[in-house]
Amino acid sequence: MLKDGTHVRYSDHVEGDGKAFFDLAAKRGLEGMMAKQRDSTYSRGARSAHWLKVKHHQGQEAVIGGYTAPRGSRSHFGSLLLGVYDGDALRYVGRTGTGFNEATLTSLFAQMRPLVQKTSPFASIVRPNAPAVWVAPKLVCNVKFAEWTADGHMRQPVFMGLRVDKDPKEVRQENQNPMPKSKAKVLAPKKESAVSDEKLANERILTFAGKHVKLTNQNKIYWPDDNITKGELVAYYDRMHKWILPYLKDRPESLKRNPGGLADKGFYQKDASPDTPKWVKTFGVPSKGKRDLVDYIICN
């Protein structure tokens, strides 16, 4: 019934080569595959043992039970405090501070503010790493993460967007099995729609001292063995900058580039690129064997 078009594509079946197909999906950074029993039928509105999701990286629906105060240049909030229901009790399963840009931070904060309450909605005591603001458990979001920890928390969760069609009381832990390590460089391909959850999660705008810096490819894997993304690296520096910057202030810096990945030897780029913003300080330094001065970027 479906014809290939710009927005809808039919994905045909691959018979008999499931393992090779899954390996290819993982290599291309796709979410995973559907495994189907050949003679089965579609079960509407119910999960079936005949159709199985085989995920390359884990996904989970989570209820937003609060948020932490922002730090540094971050606006609105720092991390979301997430939970799933065990019966009628909301169990804390971790926090995520990655996957946002300025637009998602502003939009989500506006939706959480009317839900603010004095007490925690979680069944157990939650001690986040920053002051917490509790909200009524009315909002559901999608996250992707590396694995479940032994204490029932999601490791390295990344915000992927809100679920407006989901009853929070229906949110349960979907999978408790740890996932294999990924070698994919990008967790998911960009969609062609005008604005998508993946695009929002893959971009971020930092604002500080009235200056704006757009960050892209936030979901790109930097350390494959540990499944750590570029966005998580940025979030780490955002948290630690108060301790790092005093040692760098007013010093010339060079850029280490690894176009072949972090395992590659790479090279150092000392000269500031032509598109360096005008508000970034540079300083010309004589270089041996070079007639012109090298324009180093000065940490300011």
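Guide: A residue is called buried when its relative accessible area is under 20%, exposed when it is over 50%, and partly exposed in between (1.4 Å probe, protein chains only). This is a predicted model, in which local features need pLDDT of at least 70 and side-chain atom pairs count only at pLDDT 80 or more, while totals for chains, interfaces and linings use all residues. Residues are numbered from 1 along each chain as its sequence is written, and side-chain values use heavy atoms, with hydrogens and water left out.

Visitor: Is Val 8 buried, exposed or partly exposed?

Guide: Val 8 has a relative accessible area of 42%, so Val 8 is partly exposed. Val 8 sits in the segment before α1 (18-27). Helices (H or I, at least four residues) and strands (E, at least two) are DSSP runs, numbered from the N terminus.

Visitor: How many helices and strands does the protein chain have?

Guide: The protein chain has four helices and 20 strands. Of its 300 residues, 34% are buried.

Visitor: Which residues form a nonpolar patch on the surface?

Guide: Patches take residues with over 30% relative accessible area and no salt bridge; like charges are joined within 9 Å, and nonpolar side chains (Val, Leu, Ile, Met, Phe, Trp, Tyr) within 5 Å. Here Leu 2, Val 8 and Tyr 10 form such a patch, with about 310 Å² of accessible area together. Accessible areas come from the Shrake-Rupley method with a 1.4 Å probe, and for residues only the protein chains shown count as cover. For the protein chain, the accessible surface is about 19,500 Å², and 54% of that belongs to carbon and sulfur atoms.

Visitor: How many salt bridges are there?

Guide: Side chains of opposite charge can pair when their charged atoms come close. The rule for a salt bridge is a side-chain nitrogen of Lys or Arg within 4 Å of a carboxyl oxygen of Asp or Glu. By this rule the count is seven. One of them joins Asp 23 and Lys 19, with the closest N and O atoms 3.6 Å apart. Both residues lie in helix α1, four residues apart, or about one turn of the helix. Asp 23 is partly exposed at 40%, and Lys 19 is exposed at 66%.

Visitor: With which residue does Lys 166 form a salt bridge?

Guide: Lys 166 pairs with Glu 61, and their closest N and O atoms are 3.3 Å apart. Lys 166 lies in the loop between β11 (158-163) and α3 (197-202) and Glu 61 in strand β3 (residues 58-68), so the pair ties together parts 105 residues apart in sequence. Glu 61 is buried at 11% relative accessibility, and Lys 166 is partly exposed at 22%.

Visitor: Which side chain does Asp 165 meet in a salt bridge?

Guide: Asp 165 meets Arg 163, at 2.8 Å from N to O. Salt bridges that share partners join Glu 61, Arg 163, Asp 165, Lys 166 and Glu 170 into one network.

Visitor: Where is the place of Ser 40?

Guide: Ser 40 is in the loop between β1 (32-36) and β2 (51-55). Ser 40 counts as buried because its relative accessible area is 19%. A polar contact is a pair of N or O atoms within 3.5 Å; within protein, one must be able to donate a hydrogen and the other to accept it, and residues adjacent in sequence count only if both atoms are side-chain atoms. The Ser 40 side chain makes a polar contact with the side chain of Trp 51 at 3.0 Å, and reaches the backbone oxygen of Gln 37 at 2.6 Å.
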